[in-house]
Amino acid sequence: MITFYNELPVSVELNGRHYALTPTHQNVLRMYDATKGMDYEAQVDIMLHYLVKGKYPVSTELLEAIQKVLFPNVKQNNKKVFDFVQDSELIYAAFMQTYHIDLIDTPLHWWKFQALMGGLPSNTRFSEVVQIRAMDIPKPNKYNAEERGRIIRLKHEYALKVSAEEREQNLQDGLKKMLAVLLARAEKNG
């Protein structure tokens, strides 16, 4: 979390050794993109490659220490409404429009980037697209067929492309939730 009086983290200590970090938004986003579809061991190596400057041991312990420092508040969102890769042009344009920051030429510390992302106003195209994706489709009634059709068309037009891996994970998550509901009902009914 950014404060006005603390420096942003640029190193991590593990077992008495300090490791310099390269926590720019470009490196973090490259890391996320590069690790899609890889097994965990390969992900650890790639993540450390993008986040650590100089020599480092390839260890989950080091990666966990970095995650605690750079990504302390990472939570899984139930509904994905944007993707850094698919929406990169919209995000770039929103930063130019709002802050006059060229994200290609200006490396930002990951925490700064996240803070500025969170502050993007609703009048950017990126924010409008995110709002469309997050919008609920109202239940049908005799008065809203046209509005429902408009929302469905917009959601289809701006939908995120989902990989086969993400589709499988969504299916597994849905099945787990359904099982939890059924188990809770069974326990309640005795």
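**A loop residue, then the fold**

Tutor: Asn15 counts as exposed, because its relative accessibility is 66%. Exposed means over 50% relative accessible area, buried under 20%, partly exposed in between (1.4 Å probe, protein chains only).

Student: Where is Asn15 placed?

Tutor: Asn15 is in the loop between strand 1 and strand 2 (17-20). Helices (H or I, at least four residues) and strands (E, at least two) are DSSP runs, numbered from the N terminus.

Student: What phi does Asn15 have?

Tutor: Asn15 has a positive phi of about 50°, although it is not a glycine. Most residues other than glycine have a negative phi. His100 is another non-glycine with a positive phi, about 60°.

Student: Is His100 buried or exposed?

Tutor: His100 is exposed, with a relative accessible area of 67%. His100 sits in the loop between helix 4 and helix 5.

Student: Before we go on, what are the ground rules?

Tutor: This is a predicted model: local features need pLDDT of at least 70, side-chain atom pairs count only at pLDDT 80 or more, and totals for chains, interfaces and linings use all residues. Residues are numbered from 1 along each chain as its sequence is written, and side-chain values use heavy atoms, with hydrogens and water left out.

Student: Good. How many helices and strands does the chain have?

Tutor: The chain has 8 helices and 2 strands. From the N terminus the order is β-β-α-α-α-α-α-α-α-α.

Student: What is the radius of gyration of the chain?

Tutor: The chain has 21 Å, whereas a compact globule of 190 residues would be near 16 Å. The radius is taken over C-alpha atoms, and the globule rule is 2.2 Å times the number of residues to the power 0.38. The C-alpha trace spans about 65 × 55 × 35 Å along its principal axes.

Student: What share of the residues is buried?

Tutor: Buried residues make up 29% of the 190.

Student: Now the core. Which residues touch the most other members of the largest nonpolar core?

Tutor: Leu62, Ile66, Phe95 and Phe113 do, in a core of 31 residues. Such a core is a set of buried Ala, Val, Leu, Ile, Met, Phe, Trp, Tyr and Cys residues joined through side-chain atoms within 4.5 Å. Helix 3 gives the most to this core, with 5 residues.

Student: What is Leu62 in contact with?

Tutor: Leaving aside neighbours within four places in sequence, Leu62 is in contact with Val12, Leu14, Tyr19, Leu48, Val52, Tyr56 and Pro57. Contact means heavy atoms within 4.5 Å.

Student: And helix 6: what do its buried residues pack against?

Tutor: They pack against helix 4, helix 5 and helix 7 (145-157). The buried residues of helix 6 are Phe126, Ser127, Val129, Val130, Ile132 and Arg133.

Student: Thr124 next. Where is it found?

Tutor: Thr124 is in the loop between helix 5 and helix 6.

Student: Why does Thr124 count as buried?

Tutor: Thr124 counts as buried because its relative accessibility is 0%. Not counting residues up to four places away in sequence, Thr124 touches Ala94, Gln97 and Thr98.

Student: Last one, Gln43. Where does it lie?

Tutor: Gln43 lies in helix 2. Leaving aside neighbours within four places in sequence, Gln43 is in contact with Thr35 and Met38.
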